[in-house]
Amino acid sequence: MNKSSESISYSTIHTSPDHEDDKFHEECGVVGVWTTQDAASLTALGLHALQHRGQEATGIVTYDGNFHIHRGLGLVGEVFADPQVIAKLPGGIAIGHNRYATTGATQLRNVQPLYGDFEFGGFAVAHNGNLTNAQLLRQSLVRRGCLFQSSTDSEVFIHLIAISLYSNVIDRFIDALKQVQGAYSLVALSKDMLIAARDPLGVRPLILGKLNQNKEKECWVVASETCALSSMGAEFVRDIEPGEVIIINDEGIRSIKPFHNISHRFCIFEYVYFARPDSIIENKSVYIARQKIGAELALENPVEADIVVPVPDSGVPAALGYAKASNIPFELGIIRSHYIGRTFIEPTDQIRNLGVKLKHSTNGSILKDKRVILIDDSIVRGTTSKKIVEMVRAAGAAEVHLRIASPPTRFSCYYGIDTPSKEKLLAHTHDIDEMCKLIGADSLGFISCNGLYKALEEKERNNEKPQYCDACFTGDYPIQLTDHDMNLTQNK
Ligand code: AMP
């Protein structure tokens with residue numbers, strides 16, 4: 001059996017006696033590296049570029065004959081700040097994970113990559129996405145004697161692999177994939193291979209890249225988004241396909257497609273908000289997609305005004321598209337501080353309110369006496385929009401027209417985007433006029449669902465066979481919500 005070493009950073013741990021963070025919806029970023037040495041540094045660089053996908057916790061597992069693990073709460077730059085930490089993660093293969101949990105305290109036991117010592121040796125897994133039958137599986141695994149160490153849905157992979165009756169690691173891994181429902185982009189590490197896998201619908205992104213640092217050995221990277229590649233000095237090879245499992249070992253790289261081919265449903269909200277704008281997903285630049293969404297929003301929701309102002313940073317590309325299409329000047333009427341985290345991760349409404357003010361300030365000289373079109377990517381609870389409209393008015397704007405670069409978010413996501421329960425979604429409980437009144441804008445307009453599809457696909461939504469997962473806007477959930485339907489998770 002291989003030895004494994006584990007270090008953890010406790011500096012920022014908060015414990016939560018009632019496990020209030022024990023929810024099963026997490027946004028995350030994953031990285032895998034197959035090279036000859038220094039895999040931990042490369043992984044940390046990749047995770048740093050994927051910081052927007054998860055800011056609460058991070059971890060890396062490497063292998064050099066033994067497994068080495070370091071996981072901690074905080075940003076990549078904090079958890080891996082000390083060169084001694086990276087020095088204790090030797091080896092040429094590694095996987096890493098950034099975690100973005102929901103409200104409440106984060107516990108170290110939920111920080112990934114998860115690691116286990118199996119019959120066949122050590123095995124580590126990092127998961128982006130959210131499983132929809134994890135609770136049901138967990139119940140039956142616990143009944144069979146599996147001892148869960150964390151409350152994250154991802155841990156079911158570990159136990160399903162452990163109890164699988166197949167003899168080799170790949171077959172066990174695929175056996176586990178065939179039992180889970182939901183969204184997953186996975187990277188996994190055993191003593192002699194790196195594995196990457198994407199769920200059959202391809203809800204979350206995952207890409208393959210190549211490192212050109214070594215002439216004797218082919219070196220590979222896997223990451224959630226292409227924006228990680230340049231930080232890692234890697235070149236883009238291709239998107240990992242929905243339903244594809246990639247295995248990298250000393251013999252090279254191979255691809256397995258263990259599932260029947262079904263229509264893909266990539267998450268449309270990755271284009272709207274979640275992915276980094278410099279990423280390319282399935283041959284589409286996220287930045288250009290957002291500009292096109294802004295242009296379509298201008299066509300659908302025109303209004304006479306003097307300036308177009310983005311809510312930074314997420315509203316910037318759409319506002320550029322809106323300004324260009326409407327021929328109204330683009331101005332930075334709101335300035336964002338980059339020195340605080342996302343307001344969304346703050347646990348209570350009161351703190352979230354304060355957070356919005358800390359994060360954004362108005363640029364009075366631009367806004368005074370102007371008719372302003374404010375552009376943001378989405379309205380979730382409405383906290384941000386309300387505060388921003390208030391601030392823009394206080395800065396002297398004559399009119400404030402709010403335009404949103406996505407349809408109203410009326411339904412919760414169960415596949416890995418952190419949205420609150422549907423009762424807390426402003427658009428679930430209010431119509432557009434009511435929302436406008438509550439937010440205090442002179443007018444409010446959203447892009448339509450078909451408008452969003454036209455911007456991305458140059459055609460409308462195919463209602464028979466939708467091109468994307470758009471459940472947060474339409475309530476059309478492409479993967480069964482088993483736990484939710486059986487009341488096994490907190491209902492959203
Ligand atoms: P809210 O204040 O709850 O309406 O949140 C809306 C703001 O949060 C928008 O400015 C979005 O850019 C951002 N946002 C939307 N969805 C998410 C998410 N899943 N995670 C973090 N931030 C989000």
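A: N283 lies in the loop between β16 (280-281) and β17 (284-285). Helices (H or I, at least four residues) and strands (E, at least two) are DSSP runs, numbered from the N terminus. The model is predicted, so local features need pLDDT of at least 70 and side-chain atom pairs count only at pLDDT 80 or more, while totals for chains, interfaces and linings use all residues. Residues are numbered from 1 along each chain as its sequence is written, and side-chain values use heavy atoms, with hydrogens and water left out.

The backbone of N283 has a phi near 70 degrees, a positive value in a residue other than glycine. Two other loops hold cis peptide bonds. One joins Q112 and P113, with omega about 5 degrees, and P113 lies in the loop between β5 (93-100) and β6 (114-118). Another joins P312 and D313, with omega about -5 degrees; D313 is placed in the loop between β18 (307-310) and α10 (316-326).

Next come the helix pairs, starting with α9. Helix α9 (residues 286-300) packs with helix α16 (residues 449-457) at an angle of about 140 degrees, their axes 8 Å apart. Axes are lines fitted to C-alpha atoms, for helices over the stretch in contact, and angles run from 0 to 180 degrees between N-to-C directions. That makes α9 oblique to α16, given that angles under 35 degrees count as roughly parallel, over 145 as roughly antiparallel, 65 to 115 as roughly perpendicular and the rest as oblique. The crossing of α9 past α16 is right-handed; a crossing is left-handed if the near helix is turned anticlockwise from the far one by less than a right angle, and right-handed if clockwise. In contact (heavy atoms within 4.5 Å), A289, K292, I293, E296 and E300 of α9 meet G451, L452, K454, A455 and L456 of α16. These residues divide into 5 nonpolar, 1 polar and 4 charged, where Ala, Val, Leu, Ile, Met, Phe, Trp, Tyr, Cys and Pro count as nonpolar, Asp, Glu, Lys and Arg as charged, and the others, Gly among them, as polar.

With helix α6, residues 169-179, α5 (residues 155-163) packs at about 125 degrees, the axes 8 Å apart. That makes α5 oblique to α6, and their crossing is right-handed. F157, L160, I161 and A162 in α5 meet R172, F173, A176, L177 and Q179 in α6; by class, the contact has 7 nonpolar, 1 polar and 1 charged. With helix α4 (residues 134-143), the axes come within 10 Å and cross at roughly 45 degrees. That makes α4 oblique to α5, and α4 passes α5 in a left-handed crossing. Here A134, L137, R138 and L141 of α4 contact V156, H159, L160 and I163 of α5, a set of 6 nonpolar, 1 polar and 1 charged.

Helix α6 also holds K178. K178 and P258 are 80 residues apart in sequence and 8.6 Å apart in space, C-alpha to C-alpha. Not counting residues up to four places away in sequence, K178 touches P258 and F259.
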